[in-house]
Amino acid sequence: MGKDMVSDSTRKASIERSTNETGISVSVNLDGTGQFDIKTGVGFFDHMLDQLSRHSLIDMHIRTKGDTHIDDHHTVEDTGIALGKAVAEALGERRGIVRYASLDLAMDETLTRAALDVSGRPFLVWDVPFNAPKIGTFDTELVQEFFQAFAMNAGITLHVKTHYGSNNHHIAETVFKAVARALRVAIESDPRQKNAIPSTKGTLKG
């Protein structure tokens, strides 16, 4: 049902994804400076994606048109799918990257940890308790939906745990920022292994 298009072999990629529920275009530059131009039609989600771009230093251009007259679910999930695919394509064979990273990120009363492995083997472990179903009009359960879609399509093993927090906006924001900061480290070039694939298997494609 969907259609994907990808760019060249540099650490940049563009994806176009079209279904009966959403139409999405995503461009990323993994070696950027955190420049973002993001419009999904869901204000709080845009704000979170801005944080993901700014703190990962991945340049992101995202346009999503979704069936938000129903709810925000398809828009959020499908944007995660498209962004994950773009990151995976930009990573290529994942040569020379650091690969692993973890980080505790504090924001006021909230502390969240993100740990990840840019492994080619997607998995999500999620321990992020929200104490309300919505942040404004945004369903808090969609934070997990986004990262599930992103991790599965980026080929990343991702563990996220909020140690404590009471403000749901802060909880969501620490998740996006913690993942961003860990991702920034994990996809950086490792000067000690330049063009080598950081795996004894010789591949990070699953």
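I count two strands as paired if DSSP finds at least two bridges between them. Helices (H or I, at least four residues) and strands (E, at least two) are DSSP runs for me, numbered from the N terminus.

Ground rules: this is a predicted model, where local features need pLDDT of at least 70, side-chain atom pairs count only at pLDDT 80 or more, and totals for chains, interfaces and linings use all residues. I number residues from 1 along each chain as its sequence is written, and side-chain values use heavy atoms, with hydrogens and water left out.

Sheet: I looked up the strand order and got β1-β2-β4-β3, an open sheet of 4 strands with mixed pairing. β1 (12–18) and β3 (36–39) are at the edges with a single partner strand each, so one side of each has no neighbour in the sheet. From one strand to the next, I get an average twist of 5 degrees (axes are lines fitted to C-alpha atoms, for helices over the stretch in contact; angles run from 0 to 180 degrees between N-to-C directions).

β3/β4: I find β3 parallel to β4 (residues 59–66) over 4 bridges. Asp37 has His61 in β4 as its bridge partner.

Elsewhere: I placed Val125 in strand β7 (residues 123–127). Val125 is partly exposed, because its relative accessibility is 33% (buried is under 20% relative accessible area, exposed over 50%, partly exposed in between; 1.4 Å probe, protein chains only).
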